[in-house]
Amino acid sequence: MAAGPLVLGVDLDGVCADFYGGLRPLAAEWLGVAIENLTQEVTCGLREWGIDKAPGGYEAFHRFAVGQRALFQNLMPIPGAGPALRRLSYEHNARIRVITHRLCAKYLHQIAIRQTAEWLDSHDIPYWDLCFIQDKAVVGADLYLEDSPESIGELRAAGKRVIVFGNATNRGIAGPRANSWPEAEELVLNEIARLAGARAAAVSTKGRE
Ligand SMILES: [Mg+2]
């Protein structure tokens, strides 16, 4: 077991940032429909909104949202995300490692990275590491906060400890589950305490050898 602070791998979209809430008015604009016609019960890929059937499909919509409407800069934080991450970082010495799959459209990388860094700073979200990667399981962390069913499955298949951050896209996925940041913070604090206990026990066992 590695020494040092607990490394918390934190996803952005759907965990720290209200990705689907931010996309909904942009989808209404792009599709030319009333926002009320776009359900909030969505799954990854947004087929419920008909994005996949529109000209250019999801990638064209994504390019519009990020390139023309600065999506990653303008998303609202999920309530409580910033204060909870600041407490975990400052008061509990957790190392926040942001792990996000935002580089999914060619030639949009500079914009996506700049908007992401500006958003993190503007909401005073503390972090030491910022990883843009699709295969999140190759990034080490003691604990992950994630909402994507696909990423949760991959992380768990790799033996990682994952807290599901609950939203419409991951209903039915097995817990542990947090449906809000207060719930997530409590679960992370439990894990910090568990890890501290395990490390103390390991030191004590070694001392008796
Ligand atoms: Mg996500």
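1. In this predicted model, Val-7 has Arg-95 of strand S2 as its bridge partner. The pairing concerned is that of strand S1 (residues 7-10) with strand S2 (residues 95-100), which run in the parallel sense and are joined over four bridges.

2. Strands S1 and S2 belong to an open sheet of six strands, ordered S3-S2-S1-S4-S5-S6, with parallel pairing. The edges are formed by strand S3 (129-132) and strand S6 (177-178); each has a single partner strand, so one side of each is left without a neighbour in the sheet.

3. Seven helices accompany the six strands of the chain. Along the sequence, the elements follow the pattern β-α-α-α-α-β-α-β-β-α-β-β-α. The radius of gyration is 18 Å, close to the 17 Å that the globule rule gives for 209 residues, so the chain is as compact as a globular protein of that length. Along the principal axes, the C-alpha atoms fill a box of roughly 70 × 35 × 30 Å.

4. Of its 209 residues, 31% are buried. Where contacts join residues at least 6 apart in sequence, 63% of them link residues at least 24 apart.

5. The packing of two helices deserves a separate point. Helix H1 (residues 19-31) packs with helix H2 (residues 57-69) at an angle of about 110 degrees, and their axes are 10 Å apart. Angles of 65 to 115 degrees count as roughly perpendicular, and H1 and H2 are therefore roughly perpendicular to each other. On the H1 side, the contact is made by Leu-23, Leu-26, Ala-27 and Trp-30, and on the H2 side by Phe-61, Phe-64, Ala-65 and Arg-69. By class, the residues of this contact comprise seven nonpolar, no polar and one charged.

6. Leu-187 lies in helix H7 (residues 181-208). Is this residue, with 18 other C-beta atoms within 10 Å, buried, exposed or partly exposed? A residue counts as buried at 20 or more such atoms and as exposed at 12 or fewer; Leu-187, with 18, is therefore partly exposed.

7. Apart from neighbours within four places in sequence, Leu-187 is in contact with Ile-163, Pro-176 and Ala-178. Val-164 is 23 residues away from Leu-187 along the chain, and the C-alpha atoms of these two residues are separated by 11 Å.

Key
Residues numbered from 1 in each chain as written. Predicted model: local features only at pLDDT ≥ 70, side-chain atom pairs only at ≥ 80, totals over all residues. Rg over C-alpha atoms; globule rule 2.2 N^0.38 Å. Contact = placed C-beta atoms within 7 Å. Axes fitted to C-alpha atoms, helices over the stretch in contact; angles between N-to-C directions. Parallel < 35°, antiparallel > 145°, perpendicular 65-115°, else oblique. Nonpolar A, V, L, I, M, F, W, Y, C, P; charged D, E, K, R; others polar. Pairing = 2+ DSSP bridges.
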